[in-house]
Amino acid sequence: MYRYDLTDKTLVNERVAQFREQTRRFLAGALSEDEFRHLRLRNGLYIQRHAPMLRVAIPYGLLSSTQLRTLARIARRYDRGYGHFTTRQNIQYNWPKLPEVPDILADLAEVEMHAIQTSGNCIRNITSDHLAGVTPNELADPRPWCEIIRQWATFHPEFSYLPRKFKIAVTGAPQDRAASLVHDVGVHIVRGPDGNLGFEISAGGGLGRTPIIGQVVRKFLAREHLLSYLEAILRVYNAEGRRDNLTKARIKILLRSVGLEEFTRRVEAEWELLREGALRVDDALVARMHGCFNPPAYRTLPNANPDAGKSTAFRAWYRYNTAAHKVAGYRAVYVSLKKPGVAPGDATDAQMELLADLSDQYSFGEIRATHTQNLLFADVEQGRTHELWQILEKAGLATPNIGTLTDIICCPGLDFCSLANAGSIDVAKLINERFDDYDYLYDLGELEVKMSGCMNACGHHHVGHIGILGVDKSGEEWYQITIGGAAGADASLGEVIGPSVPKSEVPETIARLLDVYVERRQPEERFLDTVRRLGVKPFKERVYAAPVAA
Amino acid sequence: MPRRLLRDRQIVEDEWLYTAEAAGNAFAPLIVTVDEWRNGRDSWIARGGRLGLKLAPGHKIDTLAPDLGVFALIAAEFSGPGEGRGYTQGRLLRERFHFTGELRATGYVRRDQLFFLARCGFNSFELPDADIENALPAFSTFSAAYQPSNDFGLPVKLPRDTPASA
């Protein structure tokens with residue numbers, strides 16, 4: 001993985017010193033609440049329902065075992081013994097004390113981590129495919145480019161006070177596992193007309209109050225121009241994005257209001273003036289960055305048949321919780337953070353420490369955070385997956401549900417977040433209780449359920465095959481259901497099926513949607529495909545045909 | 001009492017007046033707004049003396065480009081703690097239009113913004129009294145940077161396979 005050089009290290013340490021001084025001034029009364037808000041947000045610090053919430057960046061999802069141990073220690077020392085992994089490859093702590101936050105940042109800096117630009121109206125953590133570098137059909141590893149973008153975006157003097165937050169995701173495979181089309185900018189490695197690798201650039205995606213799928217602004221960008229092109233997009237956005245209305249300030253609104261053609265024209269005109277400047281990325285840097293992500297020392301192994309003679313439970317886990325690897329004899333292994341009864345994406349300090357040890361033993365000392373709020377060992381020998389499974393199973397980290405109905409993406413909801421209208425964690429629990437028959441879950445196949453506690457859509461409900469949105473109805477928590485959304489390369493927004501339902505009826509509503517699917521699906525058809533083929537109508541009719549029995 | 005400001009890292013008394021402050025003073029260097037400039041270009045020039053231009057956050061630099069040579073000072077206004085358009089105005093003025101006069105940040109300007117403002121080409125800052133005495137360390141908040149920009153001897157780590165260089 002990328003290791004900090006002296007400049008990187010110095011900058012992160014200087015950031016800690018800066019924030020320590022700002023916190024001191026705030027606590028001494030020299031900065032107002034509003035003035036401090038603008039400063040603390042740039043360090044991932046929100047004031048939440050119970051306490052500050054600190055969001056720490058895991059750039060493009062990659063962690064060393066040492067870094068994960070530090071995250072565990074922070075959870076234990078400064079928090080209540082757990083952390084919450086988010087859809088954008090961050091970890092959130094829900095209970096830090098403000099005077100201690102500078103110390104937390106200092107501990108993070110020791111292991112080359114930070115909370116820089118994890119909130120606020122600036123360029124956020126750069127996210128990527130959690131299978132980067134190991135997935136079989138990848139064109140190129142996106143992580144070197146993520147790191148190049150990360151550095152350019154860090155403390156960018158011109159783009160630190162944008163109209164609104166700005167999220168960039170980078171992918172290198174045809175499958176989009178980073179939800180890049182619902183990002184402000186998506187960078188996709190593609191092969192150009194001349195056969196060289198470069199980028200397709202999409203812009204204007206985003207969820208929240210006005211969900212929009214990103215549009216392609218440039219089909220092919222030569223790789224040396226990546227930073228100048230991003231600079232052009234950001235400059236147009238910084239100058240012209242709306243600042244009069246928070247809900248209309250994202251780049252998606254600018255793009256939609258001027259239209260794709262005019263937006264592209266403005267970006268390209270700016271880029272023409274920047275493209276030959278100092279931001280040109282030179283080949284030697286690209287080569288060195290790729291060198292930072294060289295494959296680990298794989299052994300020469302045959303592809304094993306790990307199913308042979310193993311239990312049904314292991315075989316189910318292997319099928320759902322592991323993924324193909326480009327190197328023979330290896331698998332990528334998911335660590336499910338979706339155990340029934342546990343808030344989706346949460347891990348305890350002890351679990352994190354165990355996973356750090358396991359990554360040293362089984363996966364070259366690295367672990368990854370996924371967009372779906374799970375963790376991943378990217379490089380496990382197939383022949384050792386059974387012993388790894390046994391250990392994970394004991395630790396409650398082997399729930400065999402990756403990609404199924406209960407692998408729910410979920411925001412922290414009303415329990416923690418001051419923005420939320422409704423709880424999301426307890427709805428996840430209700431769904432887990434109702435759908436506890438794995439034969440049924442496996443029969444349903446690939447199914448993405450995504451839930452947000454409010455319109456800000458941190459749980460990406462618009463792009464769930466089934467989306468659940470918490471709404472406040474005269475002080476009660478109700479839920480609006482959408483179907484047909486998707487976040488991958490074929491991204492689409494879900495359609496609302498009808499009036500919202502009370503919390504207790506969410507599981508039955510989902511059950512009815514699934515009944516329609518099971519009855520009407522064609523062979524090999526996923527729930528999403530059936531919804532796309534039939535439309536919302538038959539699903540809606542079934543859900544609202546009869547009241548849910550009390 | 002004349003305004004104090006931070007210019008080229010020194011606390012100085014401001015010799016410039018904004019038009020609203022200039023009643024009865026025919027000789028002071030004068031900062032006019034973009035509207036005032038557009039409505040009375042010739043009379044401002046006829047007045048003689050040094051002229052400055054005050055931009056609102058929404059003003060586009062390229063539309064003002066033909067006139068920039070007239071001004072010894074350009075002031076960009078920051079309307080509040082989240083306002084960020086002035087950073088783009090500053091970089092364009094310095095890097096694209098090669099403005100070499102005084103580039104001033106006015107409005108909501110606090111020491112925590114100085115590092116980025118300076119990197120975007122600003123060299124003078126109208127700070128509140130509480131900040132002005134303590135502002136100098138802000139220019140050395142960071143000792144290096146990742147972006148080529150208007151730099152003040154700061155080592156910059158460009159996207160090249162070489163270490164940061166000044």
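**Figure 1. Order of helices and strands in chain B.** Read along the sequence, chain B of this predicted model runs β-β-β-β-α-β-α-β-α-β-α-β-α. That makes five helices and eight strands. Helices (H or I, at least four residues) and strands (E, at least two) are DSSP runs, numbered from the N terminus. Because this is a predicted model, local features need pLDDT of at least 70 and side-chain atom pairs count only at pLDDT 80 or more, while totals for chains, interfaces and linings use all residues. Residues are numbered from 1 along each chain as its sequence is written, and chains are lettered from A and ligands numbered from 1 in the order in which they are written.

Figure 2. Along the principal axes, the C-alpha atoms of chain B fill a box of roughly 55 × 35 × 25 Å. Buried residues make up 37% of the 166 in chain B. A residue is buried if 20 or more other C-beta atoms lie within 10 Å of its own, exposed if 12 or fewer, and partly exposed in between, with C-beta atoms placed from the backbone. Of the contacts in chain B with a separation of 6 or more, 43% are between residues 24 or more positions apart. Two residues are in contact if their C-beta atoms, placed from the backbone, lie within 7 Å.

**Figure 3. Chain A as a whole.** Chain A holds 17 helices and 21 strands. Its radius of gyration is 23 Å, close to the 24 Å that the globule rule gives for 550 residues, so chain A is as compact as a globular protein of that length. The C-alpha trace of chain A spans about 60 × 60 × 55 Å along its principal axes. In chain A, 56% of the 550 residues are buried. Among contacts in chain A between residues at least 6 apart in sequence, 68% join residues at least 24 apart.

**Figure 4. The side of chain A that touches chain B.** The contact takes 34 residues from chain A and 29 residues from chain B. Helix 1 (6–27) of chain A is among the elements that give two or more residues to this side, along with helix 2 (33–41), helix 5 (143–153), helix 6 (226–240) and helix 9 (283–292). Helix 1 of chain A gives the largest share, six residues. On this side of chain A, 16 residues are nonpolar, eleven polar and seven charged. Ala, Val, Leu, Ile, Met, Phe, Trp, Tyr, Cys and Pro count as nonpolar, Asp, Glu, Lys and Arg as charged, and the others, Gly among them, as polar.

**Figure 5. Strand 19 of chain A and its partners.** Strand 18 (residues 466–473) and strand 19 (residues 476–483) of chain A pair in the antiparallel sense over eight bridges. Pairing requires at least two bridges found by DSSP. Asp472(A) stands opposite Glu477(A) of strand 19. The two strands form a hairpin with two residues between them, and Ser474(A) in the turn has a positive phi of about 45 degrees. Strand 19 of chain A also pairs in the antiparallel sense with strand 21 (residues 501–502), over two bridges. There, Tyr479(A) has Val501(A) as its bridge partner.

Technical notes. Rg over C-alpha atoms; globule rule 2.2 N^0.38 Å.
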